[in-house]
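Student: Please take me through how to read the packing in a model like this one.
Tutor: Look at the sequence and the structure first.

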Amino acid sequence: MLEGKALIEDTDMPVKMQIQAMACASQALDLHDVFDYKSIAAHIKKEFDKRYGGGWQCVVGSNFGCFFTHSKGTFIYFTLETINFLIFKGASS
């Protein structure tokens, strides 16, 4: 696992959900190779779908850009060491 504290860049999630997001990311890093971003993202998405219902999306990496619409209270973007994590639930149209 990468040692260090996560740095939240932006969020509108409740604090309890933020803590869960960072704990889930840490768990994923324990279970998968640090550079296997796809498996790390899949792990986090599955955990959030199970805990908070379907529709969650997760992007993990060191260099990416995105533009999306999310449901209020379901967005977090944080960094752990050199890895960025973006977790959100897609907005209903």
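Student: Which residues does Ala25 touch, not counting residues up to four places away in sequence?
Tutor: A contact means heavy atoms within 4.5 Å. By that rule Ala25 touches Ile44, Phe78 and Phe85. Some ground rules: this is a predicted model, in which local features need pLDDT of at least 70, side-chain atom pairs count only at pLDDT 80 or more, and totals for chains, interfaces and linings use all residues. Residues are numbered from 1 along each chain as its sequence is written, and side-chain values use heavy atoms, with hydrogens and water left out.

Student: Is Ala25 buried or exposed?
Tutor: Buried means under 20% relative accessible area, exposed over 50%, and partly exposed in between (1.4 Å probe, protein chains only). Ala25 has 0% relative accessibility, so this residue counts as buried. Ala25 lies in helix H1; helices (H or I, at least four residues) and strands (E, at least two) are DSSP runs, numbered from the N terminus.

Student: Which residues touch the most other members of the largest nonpolar core?
Tutor: In soluble globular proteins, nonpolar side chains tend to be buried together. A nonpolar core is a set of buried Ala, Val, Leu, Ile, Met, Phe, Trp, Tyr and Cys residues joined through side-chain atoms within 4.5 Å. Here the largest one has 20 residues, and Ile44, Phe48, Val60, Phe85 and Ile87 touch the most other members. Two or more residues come from each of H1 (15–31), H2 (37–52), S2 (56–61), S3 (76–80) and S4 (83–89). H1 contributes the most, with 6 residues.

Student: What is Val60 in contact with, leaving aside its neighbours within four places in sequence?
Tutor: Its partners are Tyr37, Ile40, Ala41, Ile44, Ile83, Asn84 and Phe85.

Student: At what angle do H1 and H2 pack?
Tutor: Axes are lines fitted to C-alpha atoms, for helices over the stretch in contact, and angles run from 0 to 180 degrees between N-to-C directions. For H1 and H2 the angle is about 140°, with the axes 9 Å apart. Angles under 35 degrees count as roughly parallel, over 145 as roughly antiparallel, 65 to 115 as roughly perpendicular and the rest as oblique. H1 and H2 are therefore oblique to each other.

Student: What is the phi of Glu81?
Tutor: Most residues other than glycine have a negative phi. Glu81 is not a glycine, yet has a positive phi of about 60°. Glu81 sits in the loop between S3 and S4 and, at 44% relative accessibility, counts as partly exposed.
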